[in-house]
Amino acid sequence: MANTILVGAQWGDEGKGKIIDFLTEKADVVVRSQGGNNAGHTVIAGDKKYVLHLIPSGILRPGKACVIGNGVVLDPVAVVAEIEGVRAAKIKVGKNLLISDCAHLVLPYHRLLDEARELAKGKGKIGTTKRGIGPAYADKASRTGLRMGDLMQPELFSKKLALRIKENNAVLKAFGAKPVSFKKVNEEYLAAGEVLRPFVCNTVVYLHEALKAGKELLFEGAQGTFLDIDHGTYPYVTSSNTTAGGAATGSGVPPHRIDRVLGVMKAYTTRVGEGPFPTENDQISDMLHAMGREFGATTGRARRCGWFDAVATHFATMVNGIDDVAITNLDGLDTVDVIKVCVGYKSGRKKIDVPPSDFLQLAECEPVYIELPGWLTPTSGARKFEDLPPNAQAYALKLAELTGGRLAIVSVGAHRDQTILL
Ligand code: IMP
Ligand code: MG
């Protein structure tokens, strides 16, 4: 399989967790390199449904190593809860989980600041998951963050934490928010730290040893291309590099050791949170929600939905270097008779084929659509590409062509066997 980065080519929730779980069968090590527990990866294995936020989806397959890399921001209390949840489902978590000592900690004041800033923004809010992701990455960049390695040294951790809480409580106070208690946070975090101690190590060294031993790595991207802090619809983005480059910096695996980028995209588009979304369409939203689809795995929010946007996915191919394309949720369009696909934007009188980097300009873009015939047949039973109705085959191939990658996978349902490999 070679070392593969899997990225979301849209606004997140492309079904990456399911595809990762499917690909993990052939990989040896699964690596998370960015984001935190803002992510929600839903995986159905057998008859059980798992929602993972921080632990790589590879954990569900025995014998696979799962690495939480240095680029991740991690709430230790949330990781402990997630480990317990996974163990309760009789899945082994031991030597198969490794956590970077350089991963930054998400602390309660990050969550409170995230909430306070959103509240202060009022209508201009980002619509974050309120998991403290932005403030945690801000601390990392400001060089005022605490890391997993600090948590492994209780005395040092407590000293640093006391200073950080003092400063952050002053900021929280300015927002009119409640301060946090040093004693409580210190106890909770140190306790979680002790549970996590066996997993914490220098994951860069581990990954390089794995590479030397010829093991295959799979990088599990979280969120999607247009939530990237640099390349997304800033400021309506998350705070990490969700695009392929983030996998290298977020893990310490050099770019030239990565062989392939797989872009995952839905057969339509969704977005949670605020921000521009040119192909948003109420009818598609209503239809998908009525089918019980498109509710957020982390926050339960109804996702905004719209037509497939090939201007966006084509740009995603540029930024990520997408070689192969996985199209998910094809079955979501089983009942649509004429399907629209956005192939350009009109910006004023100009036709453009690249999303403007300014979110206001993007918000004003009018999509230019082509129409493709639907298939009006259930596809969830298809197991081979040939099983799909001809119009569904043509649709999937067209999306890959417009995106600029090779169609490699089509997914027609949440179960492992509802995955068609081309
Ligand atoms: P944050 O990452 O919680 O700061 O949220 C910033 C933006 O990214 C918001 O629009 C969120 O809804 C969105 N976001 C963050 N994580 C995910 C995800 O895993 N899937 C989809 N959207 C996400
Ligand atoms: Mg998700």
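Colleagues, the structure before you is a predicted model, in which local features need pLDDT of at least 70 and side-chain atom pairs count only at pLDDT 80 or more, while totals for chains, interfaces and linings use all residues. Residues are numbered from 1 along each chain as its sequence is written, chains are lettered from A and ligands numbered from 1 in the order in which they are written, and side-chain values use heavy atoms, with hydrogens and water left out.

I begin with the sheet. Strands here are DSSP runs of E, at least two residues long, and helices are runs of H or I of at least four, numbered from the N terminus; two strands pair if DSSP finds at least two bridges between them.

Consider next strand β10, residues 217-220. Strand β1 (residues 4-8) runs parallel to β10 and is joined to it by 3 bridges, with Leu6 partnered by Glu220. Strand β2 (residues 29-32) also pairs with β10 in the parallel sense, over 3 bridges, and there Val29 is partnered by Leu217. Are the faces of β10 covered or uncovered? Both are covered: Leu217 and Phe219 on one side, and Leu218 and Glu220 on the other, are all buried. Buried denotes under 20% relative accessible area, exposed over 50%, and partly exposed the range in between, with a 1.4 Å probe and protein chains only.

I turn to ligand 1. The shell around ligand 1 comprises 6 nonpolar, 8 polar and 2 charged residues. In polar contacts (pairs of N or O atoms within 3.5 Å), a polar side-chain atom of Asp13 lies 3.2 Å from a nitrogen atom of ligand 1, and an N or O atom in the side chain of Gln223 lies 3.3 Å from a nitrogen atom of the ligand. Taken alone, ligand 1 exposes 470 Å², of which the protein buries 97%.

Finally, the magnesium ion, ligand 2. Its protein donors (N, O and S atoms within 2.8 Å of the metal, or 3.2 Å for Na, K and Ca) are Asp13 (OD) and Gly40 (O), at 2.1 to 2.5 Å. Asp13 lies in the loop between β1 and α1 (16-24) and Gly40 in the loop between β2 and β3 (41-45), so the pair ties together parts that are 27 residues apart in sequence. Asp13 is partly exposed at 22% relative accessibility, whereas Gly40 is buried at 15%.

Key:
Polar contact = N/O pair within 3.5 Å; in protein donor to acceptor, adjacent residues only side chain to side chain. Areas by Shrake-Rupley, 256 points an atom, 1.4 Å probe, with all protein chains shown as cover. Nonpolar A, V, L, I, M, F, W, Y, C, P; charged D, E, K, R; others polar.
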